Amino acid sequence: MVASYFRQSDVKIARVALPTPLHQVFDYYWPFSQPIEPGIRVTVPFGRRSLVGVVVDSCDTPSVTPERMRKVSRVHDQQPLLPPALVKLLLWASSYYHHPIGEVLASALPVNLRKGSDAVPQQLTAYRATDLADELALDSLTRAPLQHRILQRILEIHRTDPNGGMLPDALKLMGSSWRQAINQLTKKGWVESFDTELVSASTPTDTVPMLLPEQQVAVDSIRGSFGEFGCFLLNGITGSGKTEVYLRLITEQVAKGHQVLVLVPEISLTPQLLQRFQRRIQGVLVSLHSALNDTERAHYWLQAANGTADVVIGTRSAVFTPMPRLGLIVIDEEHDGSLKQQEGFRYHARDLSLMRARDCSCPVVLGSATPSMESLNNCAKGRYDQLILSQRAGDAQSPEIGLLDIRRRPLTEGMSDTLISAIGEQLDSGGQVLIFLNRRGFAPTLLCNDCGATADCKRCDAHMTVHATRGVLRCHHCGAERPVPQGCESCGSVRLDTRGYGTERIEQALQKRFPETVIARIDRDTTRRRGALEKQLADATSGISQLLVGTQMLAKGHHFPNVSLVGILDVDRGLYGTDYRALEQMGQLLVQVAGRAGRAQRRGKVLVQTRSPDNPLLQTLIREGYGPFAAEVLKDREAAALPPYTFVALIRAEASSAAAPRQFLQAIVASVNDRPVAGLSCFGPVPAPIERVSGRYRAQLLVQANSRSSLNRMLSELTQRLDQSKESRQTRWSIDVDPVDFF
Ligand code: ADP
Ligand code: ZN
Ligand code: ZN
């Protein structure tokens, strides 16, 4: 057999996907005796450069003239780094999303491996408890809260596994100054470091509750699909025990030797969630989150790929992790926008995981209290099985929701008197209050009272947001900043006023009104530092912070057991949003935020401020709940021929002049009109909702089709043509299939 590799006539050609923006693969001679296998990384010459790419196929006849063919210069892997099924999935994704295959494959690999580094897990430094560490040591740390939290956790691990420890990625999530804390603990002799390749396998410590009848039905149904493809929508209100259902299923599959992939929104991936999993699952659990550095990411990815890790819990991009024994995929908060990648390769992790599950014959569980319209429609069409959890587990009750009509009412800093007195009452009786406003900063506009000019971004069509604490104006689109001016930038008048409200302003106003109360503001500004969010959430959970003010960061997946009142300030923005998804997102956000209330003993209350108390959809949502609301939204979508009843793609273009992107898109419309496709229409081009960002003008074109295949065909022809054309190199353009956002 070996001899055949050396036969002259046996010309071998590898098809290689390279990180370039072209929608094609490249052929290279294969001068090695090692067989050509998809998923192997190679270095090849490309122009005057060398690039690392991934083999996707082999062939006998090259697609370019033999004289122009070059040789693969180096092979990086003896065995495919990406298994064949995953390569196949990525090829499919490249054609579905019309994104260059080379970039698709690159985004599936951790950065280090993408650059060609060796595919072996490195040793990492971990920390474990010494024999000197005990409860007394812990008690002495009351004045060093981070050291206390870390030692507590390390001791907890030590009790279940004397050799177990904590790796830096888990420590990072505990607090930004974890390294200092660890150094202190080491100096005191309570913690020691050791090198390890393996993360410790956890031993379950939590007791397993009896399932409620609906949970039992869910577990049984999904279990019935082990070993085959099936998609289940676990539609359960907040606190109904969805996570408990996942844990049962995961435990079972891991015990049988399978691997499980769990996808969650970035914001949910906190130590609390990881520890809840660790305390229940017997096996090696790794998490892939944004706080990992490149070495750690590659390390855990490889442990999943070589089968060491039993459970991978991660955000969106974890969907590409190779898992040879995959037996179950869980997607928590399946409606969450963060599952969709919004730049570059714009994939939806939920949709890809369905394809993945189909390939390896395993079930997918999509969990949510507010399912996406797509998933609800798939249930209605019989493609998914819907499992409903209608009761809260434990003794918590669902909150009572009320609308506060704020028309013609005096508002204090954007809040009605009714809301403010309700906050006061709750605080007096020892409750915890959450105020939700999906806008950070102090105020979204700085206005001159004399000439009416607003402080705008110089490079975007947008107002600058006032950030009072830092004394700056900041553009939320390009990040530009300048000091808050003393006088109007147009006329010099000093009569400047802020308009509108952001979380910072609400926090200040509430602090003034309730000076004794500990307030925590949770938004992107206060949680930018690593570990800051973790600390804020810990304080919120333990009840140190009595009043929480925050953006959508507060809406997702956290358990604040003491929250007894939720105030929602800006629901109207969602009612009159700019695109057809705004309404769905508003409904989801409202229900998710409301779900934070009344999780333990007291029944929670939710007050929603609105200027449209009679809006029928808002009424349905408040009175009848998310299900009937979603049914209405779906009816409207069907009547308007919008997704999920039709299929759309958004083509975006941008350039340094306003005319260029519109002309570019106009040419696409013209070519579609030249050869019309039945059931396919173009809407636009129109300027993007914010046309100029960072000095570049943006326009967009919506393509809508009544079948997936005609949309797909049109986009394939388009990308083929644009790859060849010159104008496509002057305009930056992108295709977004099944868009989630419209800016
Ligand atoms: P969800 O994921 O739907 O928000 P969780 O699984 O987090 O719900 O459950 C909410 C709370 O109820 C948790 O504290 C959980 O431990 C508890 N719980 C879940 N299922 C049960 C059960 N069958 N019996 C008792 N408590 C339960
Ligand atoms: Zn002015
Ligand atoms: Zn800007």
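**Figure 1. Cysteine 491 at the zinc ion (ligand 2) site.** Cysteine 491 is partly exposed, with a relative accessible area of 42%, whereas cysteine 448 is buried at 2% (buried is under 20%, exposed over 50% and partly exposed in between, with a 1.4 Å probe and protein chains only). This is a predicted model, in which local features need pLDDT of at least 70 and side-chain atom pairs pLDDT 80 or more, while totals for chains, interfaces and linings use all residues; side-chain values use heavy atoms, without hydrogens or water. Residues are numbered from 1 along each chain as its sequence is written, chains are lettered from A and ligands numbered from 1 in the order in which they are written. The SG atoms of Cys448, Cys451, Cys488 and Cys491 coordinate the zinc ion (ligand 2) at 2.2 to 2.4 Å (donors are N, O and S atoms within 2.8 Å of the metal, or 3.2 Å for Na, K and Ca). The arrangement is tetrahedral because the four donor atoms subtend angles of 107 to 113° (four donors with all angles between 85 and 135 degrees). Along the chain, the donor residues of the zinc ion (ligand 2) have the spacing C-x2-C-x36-C-x2-C. Cysteine 448 belongs to strand β20 (residues 445-448) and cysteine 491 to the loop between β23 (481-483) and β24 (496-499), so the pair ties together parts 43 residues apart in sequence (strands, of at least two residues, and helices, of at least four, are DSSP runs numbered from the N terminus).

**Figure 2. The site of the zinc ion (ligand 3).** Here the donors are the SG atoms of Cys457, Cys460, Cys475 and Cys478, at 2.2 to 2.4 Å. This site is tetrahedral, with angles of 105 to 114° among its four donor atoms. The donor spacing is C-x2-C-x14-C-x2-C. Cysteine 457 sits in the loop between β20 and β21 (465-467) and cysteine 478 in the loop between β22 (472-474) and β23, so this pair ties together parts 21 residues apart in sequence. Cysteine 457 is buried, with a relative accessible area of 5%, while cysteine 478 is partly exposed at 26%.

**Figure 3. The salt bridge of aspartate 525 and arginine 440.** The two side chains meet at 2.8 Å, N to O (a salt bridge is a side-chain nitrogen of Lys or Arg within 4 Å of a carboxyl oxygen of Asp or Glu). Aspartate 525 lies in the loop between β25 (519-522) and α16 (532-542) and arginine 440 in the loop between β19 (432-436) and β20, so the pair ties together parts 85 residues apart in sequence. Aspartate 525 is partly exposed at 22% relative accessibility; arginine 440 is buried at 9%. The structure holds 36 salt bridges.

**Figure 4. The salt bridge of arginine 637 and glutamate 584.** The N to O distance is 2.7 Å. Arginine 637 is in helix α20 (residues 626-639) and glutamate 584 in helix α18 (residues 582-594), 53 residues apart. Both residues are buried.

**Figure 5. The salt bridge of glutamate 481 and arginine 474.** The closest N and O atoms are 2.7 Å apart. Glutamate 481 is partly exposed, with a relative accessible area of 35%, and arginine 474 is buried at 19%.

Methods:
Tetrahedral: all angles 85-135°; square planar, octahedral: opposite > 155°, others 65-115°.
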